[in-house]
Amino acid sequence: MAWKEKLRPASFRDVPFQVESDDLSAGRRVQIFEYPQRDKPFAEDLGRAAREINITGYVIGADYMAGRDKLLAALEAPGAGTLVHPWYGSLQVVAKPARVTHSQGEGGMCRFALVFIEAGELQFPSSTAAPGVKTTLAAEKLQDAAVADFAKRFSVDGLPEFVATDAIAKVSGALANVQRIAGRVGRILRDPVGGILAEIEPLVRTPFDLARQIMGLYSLGDGLLKTVSGMFGDANAANQRAVAGAIASVSSFPVPVRPVVPVAPVRQQMIDNAAAVNALMRRALLVQGASMVAAMELPVYDDAAALRRDLARALDVESLNADDAMYRVLQDARTAVHQDIGQRLDGAARLQLVTPAEPVPALVLAYDLYEDVARDGEIAARNKIRHPGFVPAEPMKVLSA
C-alpha cells in the first residue's frame with residue numbers, strides 16, 4: 001500500500017478540511033543550570049513536553065464559506081475535541097487561536113493556520129490513608145464498644161451479696177489468667193493486675209470503670225494511638241509472635257454454656273456476669289492484636305498473610321457471640337485489618353525454600369543469597385539454627401529479597 005493511501009481525511013470535531021502541510025513539536029521539558037567555574041551544565045528533566053501541532057490547511061469548493069463557518073465554530077467551541085490528523089490519526093487536542101486567510105487570487109477557498117495542543121488529563125492529588133490508620137481507629141472503636149457492652153451486661157446492683165462475691169471470683173480468675181497469658185503474649189501490660197485486684201470490691205459495683213481498668217492493661221495508658229507509637233513502633237519477630245499469642249489466648253476465655261432450662265433471675269445474672277467478663281477479656285486481646293498489627297512493619301508476605309488470616313478468623317468467631325451492635329463493630333474491625341494488611345502485601349518479600357549444597361556458615365549463605373553478610377542472623381533466627389557457623393544442608397525458608 002502506498003503511503004498516500006494510508007493518509008486519513010483530516011477533520012476537527014467532525015468538520016472536514018484539507019491539509020497542505022503540518023509540523024509537530026515534541027520532546028522533553030528541560031531546565032538548564034549553569035554554574036560558575038564549571039564548564040558543563042546540569043540539565044534537569046522535568047518530563048515530556050506538551051505536543052504542539054501546526055497545520056496549514058484550507059477549505060475549498062463552491063460552498064467553502066459554509067465549511068469555513070463550521071470549522072470556525074469548531075475551533076471556538078470550549079474544551080477538548082477530536083482532531084483526525086492525516087499522519088497521526090485521532091488525537092484529543094485543544095485548539096489555540098487560528099488565522100484565517102482569504103485571497104482574491106484564490107477564489108473559492110480560504111486558508112487556515114491551525115495550532116493544536118494535546119489535551120492531556122486534569123489530575124488532582126489523591127489522598128490515601130496511611131497504613132494502619134483505619135485499623136487503629138477500628139481497634140479504638142472496638143475497645144469503646146466492648147467496654148459499653150460489658151457495662152450493659154454486668155451487674156451486681158440490688159442482688160444478694162453472694163452475687164457480688166461470685167463476680168469478684170470471676171474477675172479475679174480472669175485477671176489471673178491474664179497474668180499467665182502475659183508471659184506468652186509478651187510485655188503488653190504496663191502494670192500488674194494487683195492494682196485492680198486491690199480495688200476489686202468497689203469496682204464490681206461500677207462495671208464501666210472496671211471494664212476501663214481491664215482494657216487499660218492491654219491498651220497501656222491513655223489510648224491506643226499513644227500505646228502503639230510508644231510501645232510497638234518497631235516491627236520485629238517478637239511482636240509478630242506476641243500478636244499470634246494474643247489471638248491464640250482468646251480461647252482461654254470461653255463462652256459459658258447457657259442452661260437449657262429457665263433459671264432464677266439471680267442465677268441468670270451470675271451467668272451473664274461470667275459471660276460478660278470472658279467476652280471483655282477476649283475483645284481486649286483482639287483490640288491489642290489489631291492495634292499491634294496496625295503499628296508493625298510487615299516485610300514478609302507469608303507472615304503478614306498468616307496474621308491477617310488468624311486475626312480475621314478470631315474476629316469472625318467473636319462476632320458469632322455478639323449482639324447486632326457489637327457484631328457490626330467487630331466486622332468493621334475485621335474489614336479494616338483485612339484491607340490494611342492487604343495494602344501492605346504488595347511490596348512484601350516472599351519466603352522460598354533453599355537447600356545449601358553443603359553445610360556452610362550463615363554469613364556465607366547470606367552473602368550468596370543477598371550479597372549482604374549482615375543478614376546471617378535473619379536466616380539463623382527464621383530457621384532456628386542452633387549454631388550460625390554450621391547451617392545444615394537441609395531445606396530452609398529464606399526471604400526472596
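T135 touches A290, A294, A336, V337 and D340, leaving out residues up to four places away in sequence; touching, or contact, means heavy atoms within 4.5 Å. T135 has its place in helix α3 and is buried, with a relative accessible area of 1%. Here buried means under 20% relative accessible area, exposed over 50%, and partly exposed in between (1.4 Å probe, protein chains only). Please keep in mind that this is a predicted model, in which local features need pLDDT of at least 70 and side-chain atom pairs count only at pLDDT 80 or more, while totals for chains, interfaces and linings use all residues. Residues are numbered from 1 along each chain as its sequence is written, and side-chain values use heavy atoms, with hydrogens and water left out.

**The chain as a whole**

- The protein chain has 14 helices and 12 strands; these are DSSP runs numbered from the N terminus, with helices (H or I) of at least four residues and strands (E) of at least two.
- The radius of gyration of the protein chain is 36 Å, whereas a compact globule of 401 residues would have one near 21 Å. This radius is taken over C-alpha atoms, and the globule rule is 2.2 Å times the number of residues to the power 0.38.
- Along its principal axes, the C-alpha trace spans about 115 × 65 × 50 Å.
- Of the contacts in the protein chain with a separation of 6 or more, 73% are between residues 24 or more positions apart.

**Surface and charge**

- Buried residues make up 39% of the 401 residues in the protein chain.
- The chain exposes about 22,900 Å², and carbon and sulfur atoms supply 53% of that; accessible areas come from the Shrake-Rupley method with a 1.4 Å probe, and for residues only the protein chains shown count as cover.
- There are 44 positive and 47 negative charges, and their mean positions are 3 Å apart. Lys and Arg count as positive and Asp and Glu as negative, without His and the chain ends; the place of a charge is NZ of Lys, CZ of Arg, CG of Asp or CD of Glu.

**Nonpolar cores**

- In soluble globular proteins, nonpolar side chains tend to be buried together.
- The largest nonpolar core has 61 residues, and L142, F154 and L210 have the most contacts inside it. Such a core is a set of buried Ala, Val, Leu, Ile, Met, Phe, Trp, Tyr and Cys residues joined through side-chain atoms within 4.5 Å.
- The most comes from α10, with 12 residues.
- Another core, of 17 residues, lies apart from it and has I53, L71, A74 and V93 among them.
- Leaving aside neighbours within four places in sequence, L210 is in contact with F150, F154, V171, I196, I200, L203 and V204.

**Two loop residues with positive phi**

- Q37 is not a glycine, yet has a positive phi of about 60°. Q37 sits in the loop between β4 (28-33) and β5 (42-48) and is exposed, with a relative accessible area of 84%.
- E371, also a residue other than glycine, has a positive phi near 55°. E371 lies in the loop between α13 (362-370) and α14 (376-382) and counts as exposed at 64% relative accessibility.

- A312 is found in helix α11 and counts as buried, at 4% relative accessibility.
- A312 and T335 are 23 residues apart in sequence and 8.1 Å apart in space, C-alpha to C-alpha.
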